[in-house]
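Here is a short report on one protein model. Look over the chain first, then follow the residues one by one.

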Amino acid sequence: DVYWWADPFDTIGRVYRNDDSGTAPETETVDPHWTAAALLFAFVWFVFAYPEFYPPSPHELGWFLAAYTVAVVAGMARWGRAWVKEGEGFGALFGLLARRRERPASSGTVALLSVYLGAILFDAVSQTNWWINVLGTSRGWNERVINTVGLLWSVVAVSVLFVGACWIAGRFTERATREVTERFAPMLVPLGLAWSVAHYLSAFLVDLQNFIALLSDPLGEGWDLFHTIDNVVDYRWLTPLQTGLLQVAVLLAGCVASALVVHRVAFTTFRGRAAVRATYPLAAALILAAVGAVALLLGT
């Protein structure tokens, strides 16, 4: 969990509330992944739904980061510094991606991962001609409201697909839907990671080259500290065919990893034919997710 070593909010916590004794008693009745889901949704809303022109202005970014930090500090005041690890959006999400096993999956975990995948889904949909036509000539808060509805729809769509598959698996195994969703929630982690890498691969290659240039002038003062300021972005690092093949390979690897998680959970939780039947609806959901992701890649 590399992120935790440099988590800025934990650093603030060391100054504001330097207690390593764990969370306050109130957290025994509060699932911190729900607060993490809410904070992560606030961030993705600001990135994907709020800006009229991307990227947001430094003024807007400053105000949002200030408000986000105040919310996290309020959480620390309520539940203790240790809450940040599981209750702040990025701390909890990166902990899941790093397979940190400090607490079992919960309904809050499903919400957090639904926000994660739903945000990627909306970002992909928002770049299609269809969504551009939906926005039409909307500007300002009209555009933000439409984008907010689209983002909420994407998060709900991911959640409904997963919970619906778990509901069917619960009928096959005679288990409660909540229990099944919490058992199979880890399958969303490799799928979300694969979606992230595939969707942002091209942007990452461009931003990496921009980073090399801006490293010499981080404050925009006209410096050239490392003689890299004139570094020109090469958009031909990967051809469109190579990029597409790599994206499909990453998506395939993510789906296979998720399928392995489904298989392991099913056969360690259920027995006999019930274990086999429990995998059917979740496998169908994985196939639908893979097909949808490839369709969006081809469409954008």
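Start with Thr-173, which touches Val-180, Phe-270, Ala-274 and Ala-278, leaving aside residues up to four places away in sequence. The model is predicted. Thr-173 lies in helix H9, residues 140-173. Is Thr-173 buried or exposed? Buried means under 20% relative accessible area. Thr-173 has 10%, so it counts as buried. Its side chain also has a polar atom 2.9 Å from the backbone oxygen of Ala-169.

Val-163 lies in helix H9 too. Val-163 is partly exposed. The table sets the two residues side by side.

| Residue | Relative accessible area | Class |
|---|---|---|
| Thr-173 | 10% | buried |
| Val-163 | 30% | partly exposed |

Val-163 touches Thr-177 and Thr-181, again not counting residues up to four places away in sequence. Trp-237 is 74 residues from Val-163 in sequence. In space, their C-alpha atoms are 40 Å apart.

Trp-237 belongs to a nonpolar patch on the surface. Other members include Phe-204, Leu-208 and Phe-211. Together, the patch residues have about 1,000 Å² of accessible area. Phe-211 lies in helix H11, residues 188-214.

Now turn to the core. The largest nonpolar core has 67 residues. Among those that touch the most other members are Phe-162, Met-187 and Leu-282. Which helix gives the most to this core? Helix H7, residues 107-125, does, with 13 residues.

Key
Residues numbered from 1 in each chain as written. Predicted model: local features only at pLDDT ≥ 70, side-chain atom pairs only at ≥ 80, totals over all residues. Heavy atoms only, no water. Patch = residues over 30% accessible without salt bridge, like charges linked within 9 Å, V, L, I, M, F, W, Y side chains within 5 Å. Areas by Shrake-Rupley, 256 points an atom, 1.4 Å probe, with all protein chains shown as cover. Salt bridge = Lys/Arg side-chain N within 4 Å of Asp/Glu carboxyl O. Helix = DSSP H or I, 4+ residues; strand = E, 2+ residues; numbered from the N terminus. Core = buried A, V, L, I, M, F, W, Y, C linked by side-chain atoms within 4.5 Å. Buried < 20%, exposed > 50% of the residue type's maximum accessible area, 1.4 Å probe, protein only. Polar contact = N/O pair within 3.5 Å; in protein donor to acceptor, adjacent residues only side chain to side chain. Contact = heavy atoms within 4.5 Å.
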